[in-house]
Amino acid sequence: MNGSEYRIEDLARAGGVTVRTIRAYQDRGLLPRPERRGRANVYGARHLARLRQIAELLDRGYTLASIKELLEAWDAGRGLGGVLGLVAEVRGPWTDEEPARMSRAELDERFGSTEDEAAVAEALELGVLERVPGQDDMFVVPSPQELSVAVELYAAGVPLSAISGHLRELRGQVEHIASRFLEFTTEHVFARYLGHQPPTDREAAEATRLVRRLRPLAQRSVDAELARAMRLFAVRHLEQQLARGSTPTADPEPLPVLLPASTIRSVEGLVGAANAAAFITAATEREVQARTLNALTPTNRQTTDIDQIG
């Protein structure tokens, strides 16, 4: 066979996949059937190109079902350029912040020369740090700002375990906000472009421009709402803390006591409506005094024992 013709084993080798994968792609309709020549199945350059397209789309996060629809559109004469451009825009950075590199010595120095292996392991799990392949003492810091926040909190006396726990909680809440923002914009903006599969090149290009325009809106709205909420709750929290530390200048207001309506009617029938409140107060005070005296006075048995000793 010449260079543009392959047996299935040769195609698998050239495409970087297994023979089993090629057969699975054929069964799903992702890969055209080979040409039959006698007893042999012959694959060509278009099969290899299709394998490479599938691999690229898988790398971009597409499922096999979505890839099938995209490839069917490609076969029908509609390009993939617009869709791939949209995917690249969405998968691109959503911040202007640049990652940084930091050695283990620099990391320990930022945290007061504290060598905490558990904290480093948790930072790696959370993605605050990433290892540099082949360099055990070097890390990539995806967000230097996030690490700086942790450094300041630690310097203020917050334990590293508490910082990690707070980040986990915060991340869950922020992911919920991001999800809701995407649902909101998809419903009101992107549905017209993405409501059918696959979008045309023109629709994909328009959606890409919108992503570029709307990308900063989520952060701006969250920044504004966070500032408003922090101002509101910080003032309220400070007032509560100051109130706890102050000395009361007067007796606190008594708690209201609710009595059954039938009891109040009985008291009013006994002493009259005008005297009911005073009667209930006096009766309550008398009961309190009686219970206090009972607590201070020995029981009859104790008195008898005392008399017998005397």
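1. The patch lies on the surface and consists of Ile177, Val222, Leu226 and Met230, with about 350 Å² of accessible area together. Patch residues have over 30% relative accessible area and no salt bridge, and nonpolar side chains (Val, Leu, Ile, Met, Phe, Trp, Tyr) are joined within 5 Å. A salt bridge is a side-chain nitrogen of Lys or Arg within 4 Å of a carboxyl oxygen of Asp or Glu. Areas come from the Shrake-Rupley method with a 1.4 Å probe, and for residues only the protein chains shown count as cover.

2. The model is predicted: local features need pLDDT of at least 70, side-chain atom pairs count only at pLDDT 80 or more, and totals for chains, interfaces and linings use all residues. Residues are numbered from 1 along each chain as its sequence is written, and side-chain values use heavy atoms, leaving out hydrogens and water.

3. Met230 belongs to helix 10 and counts as exposed because its relative accessibility is 51% (exposed means over 50%, buried under 20%, partly exposed in between).

4. Ser164, in helix 9 (residues 160-194), is buried at 12% relative accessible area. Leaving aside residues up to four places away in sequence, Ser164 touches Glu122 and Leu126 (contact means heavy atoms within 4.5 Å).

5. In helix 8, Leu147, Ala150 and Val151 are buried. They lie on the same side of helix 8, because they cover an arc of only 100° around the axis (taken from the directions from the helix axis to the C-beta atoms). Gln145 and Glu152, on the other side, are exposed.

Definitions and conventions. Patch = residues over 30% accessible without salt bridge, like charges linked within 9 Å, V, L, I, M, F, W, Y side chains within 5 Å. Helix = DSSP H or I, 4+ residues; strand = E, 2+ residues; numbered from the N terminus. Buried < 20%, exposed > 50% of the residue type's maximum accessible area, 1.4 Å probe, protein only.
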